[in-house]
Amino acid sequence: MKTLCTLLLTTAVLALPLTAPAADEQKKPPKLETPVLWIGDSMMRILGNQAEKGFEKKEITPCVSFSSLGSGLVRPSVFDWNAKIAELLEQHHPKTVFIAIGTNDEQNIETEQGYVIYGSPEWDNAYGQRVNAIMNQLLENGVENIVWFLLPSMKAESTQEHVNRVNRIITALAMTEDHREKVRLFPMEAILSRKPGKYSGFLMSPSGEAISVRDPDGVHLTRAGATLIVNAVLKTYFR
C-alpha cells in the first residue's frame, strides 16, 4: 500500500489552483430526504449559513450546518472534530456531507507523544492521518458522499503556502482507492478568483458591478462569495 508521502510525491505535479477530477462531475449525490450536512472551521461559518438558505429556497433537501471558529485538526485538546462529527452523525444521519477545514492548521500538530513540527514531512503524514480518519469516520457511519472543499487562494503569501500544503494532502487522500468513489473535491478557487492561482477580493458581475467575495482579512468569504459557492454546488450536484 502506498504511503501518504508516496501519494504526495505522485500528486506534487498538481499545481494550484487544483481542479476537481473530471470524473467528479459525473458523480452527483442523490436527492435525499435526510439532511445534507455542512461542517468546518471558520471558513464554513458564512458558507454554511448561505447553504441552509440556498437549499431551503430550492426545496431540494434539508440542509444543516455546523462550524467552529478557530478550530482545526491539529489541536484535538482544543476542539475534537472526531467527537463532534460522531455527535452530528448521530443527530442528523446525513448521507451527504460537505466539509471545509484547514485554514487554522498552520501550526505544530499535538500528539500523545509530543508535537510534530509544522512544515516537516512528518507533519504532512500526521495531518494526512487526521484527514484520512475523518473521511473514514464519515464513510463508515452511513455517509455515502463526501464533498471536500479545496481552499481558495489567500491574500498573504505565507497563508497561501499553507493552503497549498493542505490542498495537496486532501487531494492525495481523495484519490486513494478507498476514497475516490465517494469523496469529491470541490475547488472554490475557480469560482472566487478572476485569475487562476491569484487572490481576488472582488469579482465583476455580468452588469459590470464589483462584488466583494472575500473578507478584508484575506482569508474568509463574504456573504456574496459564499452564495456563489452554494449556487455552484446546487448546480453541480443537485440539478
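This is a predicted model: local features need pLDDT of at least 70, side-chain atom pairs count only at pLDDT 80 or more; totals for chains, interfaces and linings use all residues.
**Around His 162**
- His 162 sits in helix α5, which covers residues 157-174.
- Leaving out residues up to four places away in sequence, His 162 touches Gly 102, Thr 103, Asp 105, Glu 106, Tyr 118 and Trp 123.

**Helices α2 and α7**
- Two packed helices are described by the angle between their axes and the distance between the axes.
- Helix α2 (residues 43-58) packs with helix α7 (residues 223-237) at an angle of about 50°, and their axes are 9 Å apart.
- Because of that angle, α2 counts as oblique to α7.
- The crossing of these two helices, α2 and α7, is right-handed.
- On the α2 side, the contact involves Ile 46, Leu 47, Gln 50, Ala 51, Gly 54, Phe 55 and Lys 58; on the α7 side, Arg 223, Ala 226, Thr 227, Ile 229, Val 230 and Leu 234 take part.
- Sorted by type, the residues of this contact are eight nonpolar, three polar and two charged.

**The whole chain**
- The chain has seven helices and nine strands.
- It has 239 residues, and 50% of them count as buried.
- Among contacts with a separation of 6 or more, 72% link residues 24 or more positions apart.
- The accessible surface of the chain is about 11,700 Å², and carbon and sulfur atoms account for 51% of this surface.

Notes. Residues are numbered from 1 along each chain as its sequence is written. Side-chain values use heavy atoms; hydrogens and water are left out. Axes are lines fitted to C-alpha atoms, for helices over the stretch in contact, and angles run from 0 to 180 degrees between N-to-C directions. Helices (H or I, at least four residues) and strands (E, at least two) are DSSP runs, numbered from the N terminus. Angles under 35 degrees count as roughly parallel, over 145 as roughly antiparallel, 65 to 115 as roughly perpendicular and the rest as oblique. A crossing is left-handed if the near helix is turned anticlockwise from the far one by less than a right angle, and right-handed if clockwise. Contact means heavy atoms within 4.5 Å. Ala, Val, Leu, Ile, Met, Phe, Trp, Tyr, Cys and Pro count as nonpolar, Asp, Glu, Lys and Arg as charged, and the others, Gly among them, as polar. Buried means under 20% relative accessible area, exposed over 50%, partly exposed in between (1.4 Å probe, protein chains only). Accessible areas come from the Shrake-Rupley method with a 1.4 Å probe; for residues, only the protein chains shown count as cover.
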